[in-house]
Amino acid sequence: MKNLKKSCVMFVSVLLFSVTIALANISEVIEDVKESIVVILLNTGEDLTNNSPRGTCTGFVFNEVGYILTNYHCVHKQSVLRLFFFDKDDWEEYDVEVVGIDPLADLAVVAVPRREKPVPYLKLAESVDQIKEGMKVFA
């Protein structure tokens, strides 16, 4: 739980610090971070043979281990989670393993146990002292 809270601070940091509009134009930022972004397909149905998705969520890779931060409501009571990386060379669908949850903060950490290719991750602020009030950001 302590690590998940730390992830929450990092998540907020990425929203408030790492991607400022004042320092880069939007297309450059998207180019820099797109391979760290994932799409998660949800299936809440009881019938596991029916693989049609019932919803989608997103997340981002936030460390060198390949852990992905997403929302808790995306993983809560899901029977099947499938993940896709934004990687033009990898169109494979991956199963997801939930590593940690924090329902109150609506955060979840998931991992893809069988992906061997390293995934670029977002570099987050290391301290809230680096965040200045009034900084322009986008998410």
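Two strands pair if DSSP finds at least two bridges between them, and strands (E, at least two residues) and helices (H or I, at least four) are DSSP runs numbered from the N terminus. The views below come from a predicted model, in which local features need pLDDT of at least 70 and side-chain atom pairs count only at pLDDT 80 or more, while totals for chains, interfaces and linings use all residues. Residues are numbered from 1 along each chain as its sequence is written, and side-chain values use heavy atoms, with hydrogens and water left out.

**View 1. Ile40 stands opposite Leu83 in strand 4.** Strand 1 (residues 37-43) and strand 4 (residues 80-85) pair in the antiparallel sense, over 6 bridges.

**View 2. Cys57 and Cys74 form a disulfide (a pair of cysteine sulfur atoms within 2.5 Å).** Their sulfur atoms are 2.0 Å apart. Cys57 lies in strand 2 (residues 55-61) and Cys74 in helix 3 (residues 72-75), so the link ties together parts 17 residues apart in sequence. A search of the whole structure finds 1 disulfide. The link of Cys57 and Cys74 is left-handed, with -90° about the S-S bond.

View 3. Asp102 has 3% relative accessibility and counts as buried (under 20% relative accessible area; exposed is over 50%, partly exposed in between; 1.4 Å probe, protein chains only). The C-alpha atoms of Asp102 and Asn71 are separated by 8.9 Å, with the two residues 31 apart along the chain.
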